[in-house]
Structure formats: C-alpha cells, structure tokens
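Subject: Structure handover

Hello,

Please find the structure below, with notes on what came out of it. Have it open while you read.

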Amino acid sequence: MSGEGNEGGGIWSKLVIGIVSALVVGGATPWWWGKLFEGKPSSSGTAETGKASIPAGPAKTDALTVYADSVKGTPWLNKGDGYVRIDYEATGQWLSIPDNDPGINANPDVPEHAKGYLSPAGDPNFQSSDAVCKQVPLGALVVVGEDGRCKAYGMKGSLELKPGEAVVFKMNDVEGMYQDNKGQIDVKLSVVKE
Ligand SMILES: [Ca+2]
C-alpha cells in the first residue's frame with residue numbers, strides 16, 4: 001500500500017467526517033459550508049445540483065415573439081434537469097398568403113378566406129399537404145420538436161418537454177413560401193416543472 005494513497009484518503013476522510021459532523025450537529029455549519037453550495041440555495045435540506053433553472057411549484061413565465069416570415073422560427077429550450085409542462089397563449093395577427101398577389105389570386109386552389117391577416121389559429125378551413133404541419137390550418141402557430149413532429153398548434157396549447165429538449169415556435173406554412181409572410185405574434189408561456 002502506498003503512502004500517497006493513504007495520505008489522500010486521510011484528507012478526504014477528514015473532510016467527510018467534517019461534513020457528517022456538521023450534519024449531525026445541525027445548524028452549526030463551518031464557514032466553508034456556504035462556499036460548497038454558493039449560489040445554490042438549499043431550502044429542502046438536500047444539496048442542490050444547481051442544474052435546475054426552473055423551481056418546482058409556481059409557474060415560471062416567459063415571452064416569445066414569432067415572426068411570420070421566419071422559416072427557422074423562435075426556439076425554446078428546456079434548460080432544466082426535469083420535465084416541464086408548457087401552457088402557451090398567442091396573440092396578434094399575421095399573414096401567410098397575401099391578398100394582393102396577382103399570381104395567387106389567379107390560383108383557384110387558394111380560397112379567399114385563407115388570404116390576408118389571420119389570428120395564430122390560422123385558417124381553420126385551409127390546410128396544405130406541403131405545410132410544416134400537414135394536419136394543421138395554414139397560417140397557424142405551430143410548435144415543432146427536434147424530430148420534426150408537431151407538438152401543439154393554434155392560439156392556445158400545451159406540451160411537455162424532456163430535460164434539455166428544444167422546440168421551435170413558427171408559422172405553419174409551406175417551406176419556400178415564407179418570404180411573402182408578414183407580421184408577428186406574441187406568445188406568453190407558463191412553464192411548470194413536473
Ligand atoms: Ca406564405
């Protein structure tokens with residue numbers, strides 16, 4: 001057995017004994033105790049990892065702006081180490097199909113009601129099999145996962161995110177057809193750690 005190993009073990013043993021003593025005594029913590037968990041308040045009595053940015057309990061709010069002409073959309077990342085549930089509500093008006101484009105107006109497949117400014121619900125009577133989310137009204141707000149799946153859509157919605165999971169908020173339009181979009185909407189998020 002090497003002397004070095006014993007020496008190292010000795011120091012750690014003392015430290016561990018120190019921590020255990022502090023726990024047993026309770027309240028009488030040494031000066032360095034706070035340094036160990038600096039910036040990581042521990043109200044529950046257990047050592048926090050510091051990874052969780054969203055506290056359990058009351059909902060945390062967040063706000064996003066989503067631009068109609070953004071193909072990339074506006075991302076939101078669950079930075080915490082736990083599952084979260086997001087309830088969102090979108091307000092504003094935006095446009096996915098212009099109402100003054102001669103080419104579009106000559107196309108009988110594009111109904112009048114799908115043109116011009118719409119709410120984040122989109123046009124409930126117009127879908128496109130080429131849109132980002134096929135089963136969802138064109139012009140609706142959609143929340144798309146990293147796997148390309150549509151997790152929620154419309155003016156209000158709920159979704160659950162895994163730790164470290166990201167989603168994108170964007171308009172439901174056909175890729176390559178975002179350049180004629182106009183406007184933006186505001187999205188308020190209520191985030192609850194599960
Ligand atoms: Ca468009």
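pLDDT is the predictor's confidence in each residue, on a scale from 0 to 100. It comes up at once because this is a predicted model. The chain averages a pLDDT of 82, and 71% of its residues reach 70 or more. Residues 1-6 fall below 50, and in the model this stretch makes 1 contact beyond near neighbours in sequence. Residues 33-51 are also below 50, with 10 contacts counted in that way.

Overall layout

There are 3 helices and 9 strands in the chain. Along the sequence they follow the pattern α-α-β-β-β-α-β-β-β-β-β-β. Of the 194 residues, 23% count as buried. For contacts between residues at least 6 apart in sequence, 66% link residues that are at least 24 apart.

Strand S9 and its partners

Strand S9 covers residues 182-193 and is joined to strand S1 (residues 60-67) by 8 bridges, the two running antiparallel. Within S9, Val191 is the residue opposite Lys60. S9 also runs antiparallel to strand S3 (residues 84-95), here with 12 bridges. On that side, Trp94 has Gly183 of S9 as its bridge partner.

The four-stranded sheet

Which strands form the open sheet, and in what order? The order is S2-S8-S5-S6, 4 strands with antiparallel pairing. Strand S2 (74-77) and S6 are at the edges with a single partner strand each, so one side of each has no neighbour in the sheet. On average, neighbouring strands here are turned by 25 degrees against each other, direction ignored. The pairing of S2 with S8 is antiparallel and rests on 4 bridges. Pro75 has Val168 in S8 as its bridge partner.

In soluble globular proteins, nonpolar side chains tend to be buried together. In this model the largest nonpolar core has 30 residues, and Leu141, Val142, Val143, Tyr153 and Phe169 have the most contacts inside it. Two or more residues come from each of S3, strand S5 (141-145), strand S6 (150-153), strand S8 (166-171) and S9. The largest contribution is that of S3, with 5 residues.

Leaving out neighbours within four places in sequence, Val143 is in contact with Lys151, Ala152, Tyr153, Gly157, Leu159, Val167 and Phe169. Of these contacts, Tyr153 and Phe169 are also among the core residues named above.

Pro137

Is Pro137, a loop residue, buried or exposed? Pro137 lies in the loop between strand S4 (117-118) and S5. A residue is buried if 20 or more other C-beta atoms lie within 10 Å of its own. Pro137 has 24 other C-beta atoms within 10 Å, so Pro137 is buried. Apart from residues up to four places away in sequence, Pro137 touches Ala121, Gly122, Asp123, Pro124, Phe126, Gln127 and Asn172. Ala114 is 23 residues from Pro137 in sequence, with a C-alpha to C-alpha distance of 9.4 Å.

Regards

Definitions and conventions. Residues are numbered from 1 along each chain as its sequence is written. This is a predicted model: local features need pLDDT of at least 70, side-chain atom pairs count only at pLDDT 80 or more; totals for chains, interfaces and linings use all residues. Two strands pair if DSSP finds at least two bridges between them. A residue is buried if 20 or more other C-beta atoms lie within 10 Å of its own, exposed if 12 or fewer, and partly exposed in between; C-beta atoms are placed from the backbone. Two residues are in contact if their C-beta atoms, placed from the backbone, lie within 7 Å. A nonpolar core is a set of buried Ala, Val, Leu, Ile, Met, Phe, Trp, Tyr and Cys residues joined through C-beta atoms within 7 Å. Axes are lines fitted to C-alpha atoms, for helices over the stretch in contact, and angles run from 0 to 180 degrees between N-to-C directions.
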